[in-house]
Amino acid sequence: MKLLGTGSSLPRTQVSNDDLSKFLDTNDEWIYPRTGIKSRHVISDEKLEDLATDAARKAIADAGIEASEIDLIICSNVVNEFITPSLGCIVAYNLGISCPAYDINCACPGFIYAMDMADSFFRSGKVRKVLIVCAEEPSRMINWSDRSVCVLFGDGAGAAVFGEGDNLRATRLSAQPDPDKIYEKHVLQPTPYINKEEETVPMVMHGREVFRFAVTTSVRDITEILAECGLQPSQVDYFMIHQANQRIMDGIRERLGLPREKFPSNIRDHGNSSSASCPILLDECKRAGMFKKGDILVFSAFGAGLLSATAVLEV
Ligand code: UT7
């Protein structure tokens, strides 16, 4: 498959580190050096499905196609106000189209998992155009009095339209299942029959262990996928790393021995927007005119599961 267009959409409200320190025992001096984050976009009066639809519309326009040409929507989302129907179906409804649509919950690597799925549909000849939408509102998952977690996240949506082609060189998905490292739980509707202990728990994250997992698996995934593609790291134009923490990105870059300019970053103004982070970064870089035809991009992302994924895409 090949990339035809990208789009993104962000909530209006931007919350700076100084804003957080008004109600939380934290400050810019702690947050910025440890994470690279200065501010994040946070949902206030917006609906996530509207951000997802806006990102999708922009990607469709950028691709120069009609929404009716889309054969499949894969939506990556951890949580939103709807349990059912899927966010993908709501986006299809908003776009006025009736193609198959579904959601995947693969946390932060969701964009790469979605690309891998889309690739299988293209290879089986079932589709000619696929829309991937990644829309996340982690600000609704966290405990806003837990300073070790809430300062890290931001909301948003990123989308990409793919058509037939040979530009997705490879994908690699991997899992190291460990549900305790990052999780959130909520109690479902009561029934007359439930007699077990259940609890609602905002997002819990073991930051240091996740940090180590992220750097180790990303370096391994990138090294393996480049070997599979017969590419040297120097032949890659840009490494599009999940925007979780600038120090994670720096750790990956240093271990690979590569220059800073190959690692675009927008975490300063976004924080970690889970699976939306890679397609938002892709859209911002594309709209800034950074890519030329034939450039090689390597995506790498990691998160709850624990899951990780990587992909090589020629633009
Ligand atoms: O998509 C994947 C999702 N997850 C991640 O990417 C997270 C990966 N992990 C990280 O990015 C880092 O582990 C963090 C940024 C979350 C934390 O950095 P750290 O250097 O591992 O700090 P820490 O959790 O070990 O905390 C060090 C100190 C503690 O104080 P004491 O116990 O040493 O007195 C914390 O209480 O920093 C304190 N602290 C804070 N202080 C001010 C933790 N959060 C804050 C805060 N403001 N926001």
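**Notebook: charge pairs, cysteines and ligand shell**

**Entry 1. The pair in α8**

I began with R253, which has a relative accessible area of 9% and is therefore buried. I note here that the model I am reading is a predicted one. Next I looked up the partner of R253 and found a salt bridge with D250, in which the closest N and O atoms are 4.0 Å apart. D250 is buried as well, at 15% relative accessible area. I placed both residues in helix α8, which covers residues 246-256. D250 and R253 are three residues apart there, about one turn of the helix.

**Entry 2. Other salt bridges**

How many salt bridges does the structure hold? I recorded a total of 24. As background, side chains of opposite charge can pair when their charged atoms come close.

I then went to K38, which forms a salt bridge with D28, and I noted 2.8 Å between the closest N and O atoms. K38 sits in the loop between α2 (28-35) and β3 (39-41), while D28 belongs to helix α2, so this pair ties together parts 10 residues apart in sequence. I checked accessibility for both partners: K38 is partly exposed at 24%, whereas D28 is buried at 16%.

My next pair was K196 and E198, whose side chains meet in a salt bridge with an N to O distance of 3.5 Å. Is K196 buried or exposed? I have K196 as exposed, with 55% relative accessibility. E198 is partly exposed, its relative accessible area being 37%.

I also wrote down a network of salt bridges that links R12, D45 and E46.

**Entry 3. Cysteines**

I looked for disulfides and counted zero. A pair of cysteine sulfur atoms would have to lie within 2.5 Å to be counted, so I checked the distances for two cysteines.

Which cysteine sulfur is closest to that of C75? The closest is in C134, at 7.3 Å, which is too far for a bond. C75 is buried, with 0% relative accessibility.

For C106, the closest cysteine sulfur is again in C134. I noted 9.8 Å for the distance from C106, also too far for a bond. C106 is buried at 13% relative accessible area.

**Entry 4. Ligand shell**

**Entry 5. Polar side chains at the ligand**

An N or O atom in the side chain of T26 is 2.6 Å from a nitrogen atom of the ligand. For W30, I noted a polar side-chain atom 3.1 Å from an oxygen atom of the ligand. In the side chain of N272, an N or O atom is 3.0 Å from a ligand oxygen atom.

On its own the ligand has 960 Å² of accessible area, and the protein covers 74% of it.

Methods. Residues are numbered from 1 along each chain as its sequence is written. This is a predicted model: local features need pLDDT of at least 70, side-chain atom pairs count only at pLDDT 80 or more; totals for chains, interfaces and linings use all residues. Side-chain values use heavy atoms; hydrogens and water are left out. Buried means under 20% relative accessible area, exposed over 50%, partly exposed in between (1.4 Å probe, protein chains only). Helices (H or I, at least four residues) and strands (E, at least two) are DSSP runs, numbered from the N terminus. A polar contact is a pair of N or O atoms within 3.5 Å; within protein, one must be able to donate a hydrogen and the other to accept it, and residues adjacent in sequence count only if both atoms are side-chain atoms. Accessible areas come from the Shrake-Rupley method with a 1.4 Å probe; for residues, only the protein chains shown count as cover.
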